[in-house]
Amino acid sequence: MTTAPFPWPRWIVHRGGGDAAPENTLAGMLLAAFAGAKMVEFDVRLSADGVPFLLHDDTLERTTDGHGPADALPWKALSRLDAGAWFSPRFADEPLPSLADAAQLLNDHGLCANVEIKPGPGREADTGARVAADCARLFAGQPQPPLLSSFSVAALAAARDAAPQLPRALLLAEWHDDWLAQAQALSVCAIDLGWRELTAERVAAIHQAGLWLLSWTVNDADTAQALWAMGVDALCTDALALAGQG
Ligand code: G3P
Ligand code: MG
């Protein structure tokens with residue numbers, strides 16, 4: 001089987017902001033847009049009261065002035081945290097964005113979305129279902145649909161059931177032999193594999209299965225060139241200088 005032409009931009013800015021701004025913030029997405037990027041990847045989880053918002057870690061300490069598990073607080077409390085000062089005083093008071101706020105900014109600036117479903121422990125199914133349902137509504141009518149991705153098979157299964165029309169990608173931190181069975185069971189359109197795990201044989205096997213191949217996180221032009229030559233369809237990067245190439 002051969003894969004259809006890849007329908008999204010080939011460069012994707014990692015964690016919402018790349019290297020110029022605190023990760024998973026509106027400031028980062030805005031700077032990515034100004035740098036010429038066309039697509040942004042960001043991490044979404046649920047607050048205690050079920051609001052989807054952007055944060056990478058299960059806990060608040062690394063990238064906010066909050067403490068403890070991120071899904072222990074309601075959205076009202078989360079929305080008051082500072083998610084920018086840890087990166088630089090210039091970004092002090094930058095808030096955690098809701099998924100709705102992020103979608104509005106991306107739509108306003110014509111950026112495509114790669115929404116990574118990042119459930120807190122035990123919240124795989126409800127996070128997958130809620131994020132997918134909200135994405136179907138928030139990105140309706142955009143030229144390209146959002147690409148939903150996750151390391152969590154349970155979250156992707158719930159996303160498939162909640163919004164089967166949205167494309168999905170299975171994230172793999174490490175290559176394993178179950179990848180094809182999982183991809184078929186989840187009806188994903190793509191595999192998203194850490195670039196150090198890529199080999200020519202794996203690229204061929206993924207394309208042979210009719211799936212696109214995305215890879216992360218590639219921050220230098222030489223590595224990118226080698227991966228393009230292998231046939232990778234899209235690369236996720238922190239480097240806005242690369243992502244600005246479109
Ligand atoms: O989507 C690729 C990448 O975002 C996965 O890793 O840990 O940065 O979410 P992580
Ligand atoms: Mg991510």
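A charge counts as sitting over a ring if NZ of Lys or CZ of Arg is within 6 Å of the ring centre and within 35 degrees of the ring normal. With that in hand, welcome to the close-ups of this predicted model.

**View 1. Arg10 sits over the ring of Trp228.** Here Arg10 lies over the face of Trp228, and the distance to the ring centre is 4.1 Å.

**View 2. Eleven names to look for make up the surroundings of ligand 1: His14, Arg15, Glu41, Asp43, His56, Glu116, Lys118, Phe151, Leu171, Asp192 and Trp216.** Sorted by class, this shell holds six charged, three nonpolar and two polar residues.

**View 3. Side chains of His14, Glu41 and His56 approach oxygen atoms of ligand 1.** For His14, a side-chain N or O atom is 2.6 Å from an oxygen atom of ligand 1. For Glu41, an N or O atom of the side chain is likewise 2.6 Å from an oxygen atom of the ligand. A polar side-chain atom of His56 also lies 2.6 Å from a ligand 1 oxygen. The protein buries 92% of the 290 Å² that ligand 1 exposes when taken alone.

**View 4. Glu41, Asp43 and Glu116 coordinate the magnesium ion (ligand 2).** The donor atoms are OE of Glu41, OD of Asp43 and OE of Glu116, at 2.0 to 2.2 Å. Along the chain, the donors follow the spacing E-x1-D-x72-E. Glu41 and Asp43 are both buried. Do look back at the ligand 1 views here: Glu41, Asp43 and Glu116 are also among the residues surrounding that ligand.

**View 5. Trp175 and Trp179 form a tilted aromatic pair.** The whole structure has nine aromatic pairs, and in this one the ring centres are 5.2 Å apart with 40 degrees between the planes. Trp175 counts as buried because its relative accessibility is 18%, under the 20% cut-off. Trp179 has a relative accessibility of 8%, so Trp179 counts as buried too.

**View 6. Phe6, Trp8 and Trp212 belong to an aromatic cluster.** Ring pairs are what link Phe6, Trp8 and Trp212 together here.

Notes:
Residues numbered from 1 in each chain as written. Chains lettered and ligands numbered in written order. Predicted model: local features only at pLDDT ≥ 70, side-chain atom pairs only at ≥ 80, totals over all residues. Heavy atoms only, no water. Near = heavy atom within 4 Å. Polar contact = N/O pair within 3.5 Å; in protein donor to acceptor, adjacent residues only side chain to side chain. Areas by Shrake-Rupley, 256 points an atom, 1.4 Å probe, with all protein chains shown as cover. Nonpolar A, V, L, I, M, F, W, Y, C, P; charged D, E, K, R; others polar. Phe/Tyr/Trp six-rings, centres within 6.5 Å; stacked < 30°, edge-to-face > 60°. Buried < 20%, exposed > 50% of the residue type's maximum accessible area, 1.4 Å probe, protein only. Donors = N, O, S within 2.8 Å, 3.2 Å for Na, K, Ca; no water.
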